[in-house]
Amino acid sequence: MRIAVVGTGYVGLVTGTCFAETGNTVTCVDIDKAKVEKLQGGTITIYEPGLDHLFLRNLKENRLHFTTSLAEGIKGAQIIFLALPTPPGEDGSADLSYVLGVSKELGKILDAYAVIVDKSTVPVGTADKVRAAIAANAKVEFDVVSNPEFLREGVAVDDFMKPDRVVIGSSSERANALMQQLYAPFVRQGNPIIYMDERSAELTKYAANAFLATKITFMNEIARMCERLDADVDMVRKGIGGDERIGKRFLFPGIGYGGSCFPKDVQALSRSADEVGYEFKILRSVMDVNQEQKTYLVPKVKRFFGGSLRGKKIALWGLSFKPNTDDIREAPALYIIDALLAEGAVVTAFDPEAMPGVKRMVGDKITFAENQYDALEGAEALVIATEWGAFRTPDFDLMETKLAQKVIFDGRNVFEGPLMASLGYYYESIGRRP
Ligand code: UGA
């Protein structure tokens, strides 16, 4: 099939590359000339494990193309994906100007039937708006489909190639048949394509993310209870996760969820509830608890140092909102840095991928180390904010030579308490006994 993908951000690039990988001819469109030139030249513009290999192969085998021209990009395309940014506007609601702007253009230039697919996370009712924007100028038939994506950063290729389910929101048989053909190679193992109306598909995306954010937040509150009741959250997690109705995944307590999706989507769903006169109470609590959770460790560190962090040297491992990404959007580490600096602490950080982004934000307010061990030089405590693989089994002998004090505050429960005790560490984590 011939596919166009408008927008070469994270979702667009993964979508375009993975559809090329199953034999389709894909043209990705972006208004950013410098970015398009880079992509044409074989330089990938996002960090996503495994994607560069597929990207280069499909580029070389001529199935993946990039252009700045919308007209050129959609020429002959049977399906046109919109993977455009929908940043939160000032009031927190999604700004649809990119999506609707491109839709309007599409109306003018479409010269044959095509399916226009919304991949971006958009408020309920957007498919209707997209349809109206295209129809304003359209001379040919078209259909609009909502096809939310459920990719996780860091494992996006796997999530795309082997989805749990594919959600197709559409009111057109013709569009459904094309979407079915496109997705057939991805659901060969029998995972379902779930067909529904556009509005339900749009809400499905928000409901999925808000549910997962709620699940994590619930566990963060259980962790707080564990600390107060002298119980161990790891045990409780395993104990409840064995119940299939609850499930083992996404039960890990920590210093809160971050990233570009959960915070934005929980907020947007809560706002959308307000707009229709409904107070979504549980989401308000989720947002409040998560905000507190990001700096949950800081009072603990402060308490350890007798109430003041002035001049204390703190090492920070991990800056990205989760491992295997350089994404620092809503990363708890950023809030921890602010809180530590506000208390007068001196911070040295290390992250395998996210240091350049944080450097651009905080400048020389903190120091960045070459590696995880250098970050510990003279530190009186280590705070762990992201569970990168390399932090899990570090060289404890080397750590000992660097740290001024063997003190660890672990925001991701990377280590086991008994091991840390046997190594002589003062060790606090989330929801487990010190
Ligand atoms: C999330 C969803 O998982 C995807 O299904 C969805 O497609 C995506 O948002 C999106 O809307 O685009 P992502 O933001 O990449 O994906 O990251 P997750 O792996 O879901 O992690 C989100 C946050 O939750 C991270 O900060 C992570 O540390 C935290 N988390 C996750 C926990 O604190 N505990 C857990 O048990 C799981």
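A residue is called buried if 20 or more other C-beta atoms lie within 10 Å of its own, exposed if 12 or fewer do, and partly exposed in between, with C-beta atoms placed from the backbone. Buried residues make up 44% of the 434 residues in the protein. The structure is a predicted model, in which local features need pLDDT of at least 70, side-chain atom pairs count only at pLDDT 80 or more, and totals for chains, interfaces and linings use all residues. Residues are numbered from 1 along each chain as its sequence is written.

Figure 1. Helices (H or I, at least four residues) and strands (E, at least two) are DSSP runs, numbered from the N terminus. Along the principal axes, the C-alpha atoms fill a box of roughly 70 × 50 × 45 Å. Two residues are in contact if their C-beta atoms, placed from the backbone, lie within 7 Å. Of the contacts with a separation of 6 or more, 72% are between residues 24 or more positions apart.

**Figure 2. The protein is divided into domain 1 (2-196), domain 2 (205-293) and domain 3 (295-428).** These bounds come from an automatic or database domain assignment. The C-alpha centres of domain 1 and domain 2 are 30 Å apart. Where these two domains meet, 10 residues of domain 1 are in contact with nine residues of domain 2. The side of domain 1 that touches domain 2 has six nonpolar, three polar and one charged residues. Here Ala, Val, Leu, Ile, Met, Phe, Trp, Tyr, Cys and Pro count as nonpolar, Asp, Glu, Lys and Arg as charged, and the others, Gly among them, as polar.

**Figure 3. The largest nonpolar core holds 76 residues.** A nonpolar core is a set of buried Ala, Val, Leu, Ile, Met, Phe, Trp, Tyr and Cys residues joined through C-beta atoms within 7 Å. Val 6, Ile 79, Ile 80, Phe 81 and Ile 116 touch the most other members of the largest core. Helix H9 (residues 198-229) gives the most to this core, with nine residues. Domain 1 (2-196) and domain 2 (205-293) each supply at least three residues to this core. Leaving out residues up to four places away in sequence, Ile 80 touches Ala 4, Val 6, Ile 74, Leu 106, Ala 114, Ile 116 and Val 117. A second, separate core of 44 residues includes Ile 255, Tyr 296, Ala 349 and Phe 415.

**Figure 4. Cys 261 carries the UniProt annotation "active site" (unreviewed entry).** UniProt positions are given in the numbering used here, feature names are shortened, and annotations may be inferred rather than shown by experiment. Cys 261 sits in the loop between helix H10 (233-241) and helix H11 (262-275). Cys 261 is buried because 23 other C-beta atoms lie within 10 Å. Gly 258 is also found in the loop between H10 and H11, and UniProt lists Gly 258 under "binding site" (unreviewed entry). Gly 258 has 25 other C-beta atoms within 10 Å, so Gly 258 is buried. Apart from residues up to four places away in sequence, Gly 258 touches Pro 263, Phe 321, Arg 329, Glu 330, Ala 331 and Pro 332.

**Figure 5. Glu 153 is among the residues that UniProt lists for "binding site" (unreviewed entry).** The listed residues are spread over 173 residues of sequence and also in space, up to 23.7 Å between C-alpha atoms. Glu 153 lies in the loop between strand E6 (142-146) and helix H7 (156-161). With 24 other C-beta atoms within 10 Å, Glu 153 is buried. Neighbours within four places in sequence aside, Glu 153 is in contact with Glu 48, Gly 259, Thr 325 and Asp 327.

**Figure 6. Asp 230 has a positive phi, near 60 degrees.** Most residues other than glycine have a negative phi. Asp 230 is found in the loop between H9 and H10, and counts as exposed because it has 7 C-beta neighbours inside 10 Å. The phi of Phe 250 is likewise positive and near 60 degrees. Phe 250 is in the loop between H10 and H11, and is partly exposed, with 16 other C-beta atoms within 10 Å.
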